[in-house]
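Trainee: Can we go through this model together? I'd like to start with a loop residue and then move to the packing.

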Amino acid sequence: APWPEDANAADALCRWADAWVLGPGLGASAATRALVERVLAGSEAPAVLDADALNVFAGDAPALATLLR
């Protein structure tokens, strides 16, 4: 599936996926963090986060911890 372009597309994708792999090639940006936050908050599916998805939370581990229920 293509990357979501807006909040509605992200929400639809969150309902569709059975599992997530987040981060490969996303880079470190505010947009990356927003995407990771939306997916983790909007989906109950298991997720694997690579360095790009983790690094956008550098210095803010508590925020990531609340998303990883």
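Mentor: Ser-29 has a relative accessible area of 33%, so the residue is partly exposed (buried means under 20%, exposed over 50%, partly exposed in between, with a 1.4 Å probe and protein chains only). This is a predicted model: local features need pLDDT of at least 70, side-chain atom pairs count only at pLDDT 80 or more, and totals for chains, interfaces and linings use all residues. Residues are numbered from 1 along each chain as its sequence is written, and side-chain values use heavy atoms, leaving out hydrogens and water.

Trainee: Where is Ser-29 found?

Mentor: Ser-29 sits in the loop between β1 and α2 (DSSP runs numbered from the N terminus: helices are H or I with at least four residues, strands E with at least two).

Trainee: Other topic: at what angle do α1 and α2 pack?

Mentor: Helix α1 (residues 7-16) and helix α2 (residues 30-42) pack at about 45 degrees, with axes 9 Å apart. The axes are lines fitted to C-alpha atoms over the stretch in contact, and angles run from 0 to 180 degrees between N-to-C directions.

Trainee: Which residues make the contact?

Mentor: Ala-7, Ala-10, Asp-11 and Cys-14 from α1, and Arg-38, Val-39 and Gly-42 from α2 (contact means heavy atoms within 4.5 Å).

Trainee: And what does Leu-49 touch?

Mentor: Not counting residues up to four places away in sequence, Leu-49 touches Leu-22, Leu-40, Leu-54, Leu-64 and Leu-68.

Trainee: How far apart are the C-alpha atoms of Ser-29 and Asn-8?

Mentor: They are separated by 21 Å, with the two residues 21 apart along the chain.
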